[in-house]
Amino acid sequence: MQSFDVIIAGGGMVGLALACGLQGSGLRIAVLEHRQPDLSPLPEQPALRVSAINAASERLLQSIGVWDEIRNLRASPYNAMEVWDRDSFGKIAFRGDECGFSHLGHIIENEVIQQALWHKAATLADVTLLAPAALKQVAWGENDAFVTLEDGRMLTARLVIGADGANSWLRQHADIPLTFWDYRHSALVATIRTEEPHLATARQVFHGEGILAFLPFSDPHLSSIVWSVAPEEAERLQQLEPEAFNRELAMTFDMRLGNCKLESERLAFPLTGRYARSFAAHRLALVGDAAHTVHPLAGQGVNLGFMDAAELISELKRLQRQGKDIGQHLYLRRYERRRKHGAAVMLASMQGFRELFAGHNPAKKLLRDVGLRLADSLPGVKPTLVRQAMGLNDLPDWLA
């Protein structure tokens with residue numbers, strides 16, 4: 001039986017960031033990943049699943065020593081954002097340099113972040129990577145959690161952390177209730193080449209029942225799109241002939257970047273909001289998608305998860321320094337309180353946005369158009385919104 005202080009179930013982006021951040025704390029950490037990660041050289045074509053990494057997440061990735069490798073692999077900075085309501089006067093635009101920032105964030109493929117974090121974790125003395133390794137059983141003892149893997153290996157830890165995704169086995173096994181709601185949307189993702197250069201600007205248009213975002217890559221004519229529409233509409237768009245899809249995409253985007261050309265396959269996946277009733281329990285903490293999932297309209301999903309990791313790193317290091325039991329729910333409540341609040345605010349904001357921008361109700365349309373115009377023109381509003389989008393209002397003290 002192998003003994004650790006912390007077992008992290010899930011070697012995705014958030015779980016690995018947490019493991020790397022705990023290096024040097026005196027805690028022995030194991031990361032369980034159910035499949036062996038693909039560490040082969042990146043293909044020339046960008047992957048379809050990307051994240052808009054904000055400044056707060058960038059600081060975390062810098063502090064754990066992986067940011068340079070991520071940038072060397074592939075990362076695309078963007079320094080401006082435009083949001084508008086189609087067929088109306090509502091619009092808002094931000095530029096980072098207007099608020100004293102060289103960039104607002106980076107568009108990065110998920111597998112780039114994952115690779116850099118895995119490489120880093122593999123070099124750390126305090127971190128043991130176990131892959132493939134799947135959970136079979138967890139028993140919660142008074143002073144330890146006892147973990148049995150599918151292959152029969154047995155492990156113990158003072159704290160088990162669920163970083164095992166939206167359908168978290170650990171969350172279900174611990175009987176933590178989940179509030180969830182169907183956004184009645186699917187997200188269609190693809191890589192698109194545009195006639196006009198994107199000028200390192202992230203753009204998003206609200207159109208009736210859908211939301212279409214163009215996220216810029218380093219190639220000035222290449223973008224990743226996230227098109228959130230009703231599931232049956234996503235299926236229709238996925239089945240369209242490429243030429244018809246290209247035309248419909250360019251028209252929906254108001255021809256902002258001229259003609260569009262599909263450069264990849266089209267993937268669609270359903271969107272569900274989730275919020276765990278508890279983020280911590282006896283010898284258990286939840287982070288990332290295991291604790292919450294949010295609509296991608298503001299690109300905040302993985303950033304929320306990285307801030308969970310940052311807060312838990314800070315809390316576990318503090319408890320370890322003070323000689324306290326890191327698995328006691330009493331001590332984990334501080335992490336839970338802070339991150340439940342942050343996630344709840346984000347989920348409520350996204351739901352409010354989603355409702356406000358849905359449909360063609362004339363009163364709602366006027367309200368959102370006036371709101372966007374006021375936010376665009378009132379002094380002092382934009383810098384606040386920019387800081388919020390960059391995650392700088394929600395930083396744990398050690399990253400501030």
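D325 and R283 form a salt bridge, with the closest N and O atoms 2.6 Å apart. A salt bridge here is a side-chain nitrogen of Lys or Arg within 4 Å of a carboxyl oxygen of Asp or Glu. D325 lies in the loop between α8 (301-321) and α9 (329-356), and R283 in the loop between β20 (280-281) and β21 (284-286), so the pair ties together parts that are 42 residues apart in sequence. Helices (H or I, at least four residues) and strands (E, at least two) are DSSP runs, numbered from the N terminus. R283 is buried, at 0% relative accessibility. Buried means under 20% relative accessible area, exposed over 50%, and partly exposed in between (1.4 Å probe, protein chains only).

The model is predicted: local features need pLDDT of at least 70, side-chain atom pairs count only at pLDDT 80 or more, and totals for chains, interfaces and linings use all residues. Residues are numbered from 1 along each chain as its sequence is written, and side-chain values use heavy atoms, with hydrogens and water left out.

By the salt-bridge rule, the count comes to 18. One of these joins E311 and R338, at 3.1 Å from N to O. This pair links distant parts of the chain: E311 sits in helix α8 and R338 in helix α9, 27 residues apart. E311 is buried, with 7% relative accessibility. R338 is partly exposed, at 39%.

E263 and R193 also form a salt bridge, and their closest N and O atoms are 3.5 Å apart. Again, distant parts of the chain are linked: E263 is in the loop between β18 (260-262) and β19 (267-276), whereas R193 is in strand β14 (residues 178-194), 70 residues apart. Both ends are partly exposed, E263 with a relative accessible area of 25% and R193 with 29%. The two residues also belong to a network. Salt bridges that share partners join R193, D219, K261 and E263.

Attention now turns to strand β13. In this strand (residues 159-162), L159 and I161 point one way. V160 and G162 point the other way, and all four are buried. Strand β2 (residues 6-9) pairs with β13 in the parallel sense, over four bridges. Two strands pair if DSSP finds at least two bridges between them. Within this pairing, V6 stands opposite L159. Strand β13 is also joined to β21, by three bridges, and these two strands run parallel. Here the bridge partner of G162 is L286 in β21.
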